[in-house]
Amino acid sequence: MFDILIKSLHLKMTYSVNTFIYAIKQIPLLKKILSDKLYSLDWLKAILTVLSVLKELVTTFLWKFVYAGIFIALPTAFNFFQGEDPAVPAWCTVLQVFIILTIIGGITNNDFFTGSMDKYYAVFLLRMDAKKHAIANYSYLLFRFFLGFLAVGLAGTLITDAPLWHGIIIPFFVVAVKLICSAISVKLFERSLAKGTEKAPRKFMAFGTEGSNYKATFVAGVLFALAYVPAALGFVMPVNASLIIMALGIVGGIASIFVLRNFKHYRKMYQKGIVEFMELQQMAKSNIASLETKKIDDTRVVKSDKNGFEFLNELFVKRHRKILWRSSRNTAIVLGIILLIVAVAMFLLPEGKEVVNGVITGQLRFVAFIMYLINKGQNYTKALFTNCDHSLLTFPIYRKGSNILKLFKLRLVEISKVNLVPAGVLAVGLAILLFISGGPEKPIYYLVVIVSVIALGIFFSVHYLTMYYLLQPFNVSTEVKSGLYPIVMALTYMACYMMTQIEVPAMGFGIVAAAFCIIYSIVACVLAYSLAPKTFKLRT
């Protein structure tokens, strides 16, 4: 059994490492430098394997503390629980909430039955024994749960001054609930086999009822309410009652071990689980495509007097008004309402004028992050691919340099106009707020505010469209297959966020933003013309 676990973990690590190496090799600058020999470098695989092991250790403990922090510590911080000390809830409250949350987790989050590619490789390609593989990997998973919640339980007893052995019993209860839910699902799977229905085990997570997805959600919602509503009203079980429930759960968990050990259909269970896993992946891809298609406005006849790429671009824009102009208009309306509220507040509270004035003149850098959040560039490029380019990219003439540059310019103008609507509202609104709040030291600040916001709106339009043409991250199923594209998107977010942490004078910020936008736009057009014929293609 231990050998099976080691082999399956090694397979899982190898799959993760090779996936990571493949992603690195998709980066354009590294693709030509790195050869397929990268997969055979033992030292690189050793480093990545160590990092994977460290990730396992971190997630074993980190996510458990995050879980406890969100669902117990956070409600405590907002004085949600009734108790003598609002800073530290009574131990009886902690146990009651934790018991119900653990039951919810057992119902909705049980990885014993989830399919995955590493399970497919292990059981069906490498012909590992399905029962041994399932029990070995599930035992490892439960061991991780045990260690993580042991740390959480001991920390909880120290914070609340509860007996130490109460914290030790918590991980046993968590593991027991997982085992009980797995045993129930296994039994219901056996019943379905006897009836000839052979439903996938995860479909029984709502206790075997039909329409399990809806009923599981309903059951989880009711349990979630039972976890918090009584505690909020002050109705809490005594500690001894909670301990008895946990003890009974542990007994049930021990009995469930024998059910799982005697189960004889692990291979069939894997077949159904993996089939469902692949079906869910395919369904997710279909849903993405369906959602993008539903955004097309086909309620009216679209006409255009233009020809060629101008006709194609205008047709696309008119049929995607929902995600372009309508979304842009709604964002502008929301911004306008917020700005109006601030203006009214300054008239009602004159002392707030100084604060608003100081924010606009001294903290203008926050505009970069705001424009990042409201920009429509990413939605625009995804719609471009899903409803236009994924078909046209199969034609070589569509990827000709002159044609790419022509359509790139048309699209750049269009997305810039879309983004300039909320950017214009924000720019003018900030200038008006600056005037109402007493005005700047120099009148040129009005121009700086307006120009910097407009420049940022144009910059994000150029940036997202350029990255789309140079990296084109999607395959036919609209999955992101570029290793560099997610990195660039993450760096974009980080750069915008870092701008909020750096002190930059408003005057300097406006000048730099405008200059950078002009230079970036010129460079983007040059790169699109020279590189896009090679990079703007379907991913495989």
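In which helix does Arg144 lie?

Author: Arg144 lies in helix α6, which covers residues 130-160.

What does Arg144 touch once its neighbours within four places in sequence are left aside? The contacts are Glu56, Thr59 and Thr60.

Stay with helix α6 and move to the loop that comes between α6 and α7, where Asp161 sits. Asp161 has a positive phi, about 60 degrees, and it isn't a glycine. As background, most residues other than glycine have a negative phi. Is Asp161 buried or exposed? Asp161 counts as exposed, since its relative accessibility is 68% and the cut-off for exposed is over 50%.

Val175 is buried, with a relative accessible area of 14%. Not counting residues up to four places away in sequence, Val175 touches Leu142 and Phe146. Val175 and Phe146 are 29 residues apart along the chain, and their C-alpha atoms are separated by 6.5 Å.

Helix α7 also packs with α9. Two packed helices are described by the angle between their axes and the distance between the axes. For α7 and α9, the axes come within 7 Å and cross at roughly 45 degrees. The two helices are therefore oblique to each other. As for handedness, α7 passes α9 in a left-handed crossing. Sorted by class, the residues of this contact are 18 nonpolar, six polar and one charged.

Now for another part of the chain, around helix α16, which spans residues 401-436. Its axis and that of helix α17 (residues 444-471) come within 7 Å and cross at roughly 150 degrees. That angle is over 145, so α16 and α17 are roughly antiparallel to each other. The crossing of α16 past α17 is right-handed. By class, 24 nonpolar, six polar and one charged residues make up the contact of α16 with α17.

Helix α16 meets α19 (residues 506-535) too: their axes come within 8 Å and cross at roughly 140 degrees. That makes α16 oblique to α19. Here again α16 passes its partner, α19, in a right-handed crossing. Which residues meet in this pair? On the α16 side they are Gly401, Ser402, Ile404, Leu405 and Phe408. Ala524, Cys525, Ala528, Tyr529, Ala532 and Pro533 are their counterparts in α19. Nine of the residues in this contact are nonpolar and two are polar, with no charged ones.

One more residue in α16 is worth a stop: Asn419, which lies in that helix. Asn419 counts as buried because its relative accessibility is 1%. Leaving out residues up to four places away in sequence, Asn419 touches Asn375, Lys376, Gly377, Gly457 and Ser461.

Zooming out, the protein has 19 helices and zero strands. Of its 540 residues, 44% are buried. Among contacts with a separation of 6 or more, 80% are between residues 24 or more positions apart.

Finally, the confidence picture I promised. The average pLDDT for the protein is 77, and 74% of the residues score at least 70. Confidence is highest in helix α9 (residues 239-262), at a mean of 92, and lowest in helix α2 (residues 28-31), at 59. Residues 84-88 have a pLDDT below 50, and beyond near neighbours in sequence this stretch has six contacts in the model. Residues 287-292 are also below 50, with seven contacts beyond near neighbours in sequence. Where pLDDT is low, the predicted coordinates should not be read in detail.

Conventions. Residues are numbered from 1 along each chain as its sequence is written. This is a predicted model: local features need pLDDT of at least 70, side-chain atom pairs count only at pLDDT 80 or more; totals for chains, interfaces and linings use all residues. Side-chain values use heavy atoms; hydrogens and water are left out. pLDDT is the predictor's confidence in each residue, from 0 to 100. Helices (H or I, at least four residues) and strands (E, at least two) are DSSP runs, numbered from the N terminus. Contact means heavy atoms within 4.5 Å. Axes are lines fitted to C-alpha atoms, for helices over the stretch in contact, and angles run from 0 to 180 degrees between N-to-C directions. Angles under 35 degrees count as roughly parallel, over 145 as roughly antiparallel, 65 to 115 as roughly perpendicular and the rest as oblique. A crossing is left-handed if the near helix is turned anticlockwise from the far one by less than a right angle, and right-handed if clockwise. Ala, Val, Leu, Ile, Met, Phe, Trp, Tyr, Cys and Pro count as nonpolar, Asp, Glu, Lys and Arg as charged, and the others, Gly among them, as polar. Buried means under 20% relative accessible area, exposed over 50%, partly exposed in between (1.4 Å probe, protein chains only).
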